[in-house]
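This report covers how the parts of the structure meet and what spaces lie among them. Please look over the sequence and the model before reading on.

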Amino acid sequence: MADLPDITPLRQRLSAFTNARVAIGRVGSSVPTGAMLEFQLAHARARDAVHDALAPGAVEQGLAGWPSISVHSAAPDRATYLLRPDLGRQLQPEDAASLQMDQAQLAIVIADGLSATATMAHGAALAMAMVERLRHDWRIGPMVIAHQARVALGDEIGEAMDAQMVVVLIGERPGLSAADSLSAYLTWAPRRGRLDSERNCISNIRPPHGRSIAEAADEIARILSRARAAQCTGVALAGGEALAAEEGPD
Amino acid sequence: MSAYRIDLAGTRYSFDNLAEVMACASPARSGDALAGIAAASAQQRVAARWLLADLPLGLFLEDQLVPYEQDEVTRLIIDSHDRDAFAAIAHLTVGACREWLLDDATDGAALASAAGGITPEMAAAVSKLMRNQDLVIAARKIENITRFRNTIGLRGRLSTRLQPNHPTDDPQGVAASILDGLLMGSGDAVIGINPATDDLPTIARLLTLLDDLRMGMDMPTQTCVLTHVTNTLALIGAGAPVDLCFQSIAGTQAANRGFGISLALLDEAHAATQALARGTVGQNVMYFETGQGSCLSSNAHHGVDQQTLECRAYAVARRYSPLLVNSVVGFIGPEYLYDGKQILRAALEDHFCGKLLGLPMGLDICYTNHAEADQDDMDTIATMLGVAGVSFIMGVPGADDVMLGYQSTSFHDALYLRSVLGLAPAPEFAAWLERMGLTDPGGKLLRGDPFMASVRGVPALGGLCG
């Protein structure tokens, strides 16, 4: 097998400081079998998360009876969704009408994004933690559960609901180390055509390894109250975290 | 009436302008379909190629795909065009240019002397008529050599960028990945960190760490923190140890504005970095990254196909005689390059066109988890690029970048290419590997313990050596 000496102590020393795949050894020029299969398992987990769909009722059952509406983007399937980000940012036409009766100050969208796995794991819990913190200050609409959705789909949803603010909870693009990481995108005065620079983002919501549900909900509540005072989100919101454009499933 | 028409097998194909001919002639890829400019059928694609083959190269100097008046990259291309160099190929059509490139009588010296006469649009046009093997055999003739503390791009050499990224820029985490890479013979193109933050004090600390490690181990290589050019300018002003100035670039003025840069800003950064005079064997100080699709993603594509726009980014790069140019080919996602086949094609195009235009081309052979690709695709791409003579590839621990969340090539992948193709690192770095006991005189990688013993006292390594 590997002809590096002391490979186990070396790996232990290096791995203490990074979760990179350091000191995995080599056979000739190549990766040892165990390390190769570990990589393949991580990639398989990420691939399955990308192609996973929101299971019927999976989000709803975590909402403790809070009303919800299910909508679909204009991307009819996963293959189209991956090839046409523009379609994932638009509602399918019949769904826009179903939202128009629901006047709310705050619209919460629970969206699959690039990892339905993340959304099913953390979406409902985070939405209900937000309700708990915000229900006395905001009139919150029914939860909108969005399929084949990109972040900007929240703009059209928020616009249809005539909401002051939309928060989109959406599965991040899976990495090898995390396939179940959720992000929250906050947009004041949502309407079609909003720029990414007009949003705030909280990423890496992924208990127990990443940000906890309580931490994320507290942070969202803080940004919401600042956004209401400043009447804006994004880079214009003083001290706001600028949105890293390459991060999200935009 | 259409400007470009061809009758083929009883069907008339019409194209409104040269940009449409170019887009339709491109091998299929999702980004051009997303832009709505891809060929509508397989037959239309071949018709466009047939038409393109008969167009004279000189047409691209007259019929500009992105207007001269609107775009400083077009002005750069036209104003810096070398008419004398072009004279040798001015009589060629695009189709004849392909044959000239493939002719045994056309050697590396002939290609090098023509480089200044070849515009990005000409390179893109001829590449659209070339099969994958054509892109390999033509690129293989070209040797573009650059120098800073070592020599990159020599025939028979393959260099690597050691990419020790860490999700929180932890210095010891970065050092751990660097140590792992050095034990695997990686790092001669550059040891380059993508920082997780834009925070200048953090970046300055990383630059100091890299410089301390380089000097502590007396390594003949260069280091870089890949941050925005304005940050690098500020860090140079503050006296931070900057070897190379990094920037992402694109092929139109508007897309570059999206990156927060202009030619004037790059001129300033290039001059400031050169003034540091930190190179020992040369003063190629710029490190550029590119990638097909960046113009469309910033809505700055002027209806031009993504491969032609990528070539225009190379015109920006060559203004600055960079040490390294790296196409991050599969990073952008499946809406631009859908699967392993499209990523392979783009990698070979980028490598060939960059080399033809005179650049030291490396490739980040990579993919994201929402693309239809895996390690087997990367093996194929790496092998073909190795045969084509790629100057450098990435070295990432286990191919898994834990900061950027994508998969690139591993230290092992570079060893594989060096092994199957008989390639060696940059000569200065290869000598250092041998001197440090990391390789035998034949270049074969050895057990790392003499090296570990000799660097144990380097403070920047902390306790990593045990």
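## The two domains of chain B

In this predicted model, the C-alpha centres of domain 1 and domain 2 of chain B are 27 Å apart. The domain assignment places domain 1 of chain B at residues 4-140 and domain 2 of chain B at residues 146-450. Contact between them involves 45 residues of domain 1 and 44 residues of domain 2.

The size of an interface is often given as the accessible area lost when the parts come together. For the two domains of chain B, the buried area is about 3,700 Å², with 61% of it on carbon and sulfur atoms. On the domain 1 side, the residues that lose the most area to domain 2 are Arg29(B), Glu72(B) and Leu76(B), which together account for 17% of what that side buries. Four salt bridges are found across this domain interface. Elsewhere in the description of chain B, Lys128(B) and Asp305(B) are joined through their side chains by a salt bridge, with an N to O distance of 2.8 Å.

## The largest cavity

The structure has five cavities of 30 Å³ or more. The volume of the largest cavity is about 90 Å³. Its lining consists of 19 residues, and those closest to its centre are Gly293(B), Ser294(B), Cys295(B), Gln306(B) and Leu309(B). Two or more lining residues come from each of three elements of chain B: α2 (30-34), α16 (294-297) and α17 (306-318). Of the elements, α17(B) gives the most, with four residues.

## Chain A

Chain A contains eight helices and six strands. Their order along the sequence is α-α-β-α-α-α-β-α-β-α-β-β-β-α. The C-alpha trace of chain A spans about 70 × 40 × 35 Å along its principal axes.

## Where chain A meets chain B

The contact between the chains draws on 35 residues from chain A and 48 residues from chain B. About 3,400 Å² is buried between the two chains, and carbon and sulfur atoms give 61% of this area. On the side of chain B, Asn369(B), His370(B) and His412(B) supply 20% of the area buried against chain A, more than any other three residues.

How many salt bridges are counted between chain B and chain A? The count is two. Glu372(B) is paired with Arg47(A) in a salt bridge, and their closest N and O atoms are 2.8 Å apart.

## The second largest pocket

The second largest pocket has a volume of about 740 Å³. Among its 30 lining residues, Val31(A), Ala35(A), Met36(A), Phe39(A) and Gln375(B) are the closest to the centre. Both chains supply elements to this lining: α1 (7-15) and α2 (33-51) of chain A, and α19 (375-388) and α20 (411-421) of chain B, each with at least two residues. The most comes from α2(A), which gives six residues. Sorted by class, the lining of the second largest pocket has 11 nonpolar, 11 polar and eight charged residues.

How values were computed. Residues are numbered from 1 along each chain as its sequence is written. Chains are lettered from A and ligands numbered from 1 in the order in which they are written. This is a predicted model: local features need pLDDT of at least 70, side-chain atom pairs count only at pLDDT 80 or more; totals for chains, interfaces and linings use all residues. Side-chain values use heavy atoms; hydrogens and water are left out. On a 1 Å grid over the protein atoms alone, a cavity is a set of points where a 1.4 Å probe fits but cannot get out, and a pocket is an open set with protein on both sides within 12 Å along at least five of seven lines; lining residues have an atom within 4 Å of a point. Grid points are joined across faces, edges and corners, and a volume is the space filled by probe spheres set on the points. Ala, Val, Leu, Ile, Met, Phe, Trp, Tyr, Cys and Pro count as nonpolar, Asp, Glu, Lys and Arg as charged, and the others, Gly among them, as polar. Contact means heavy atoms within 4.5 Å. Buried area is the accessible area (1.4 Å probe) that two parts lose on being put together, summed over both. Domain bounds come from an automatic or database domain assignment.
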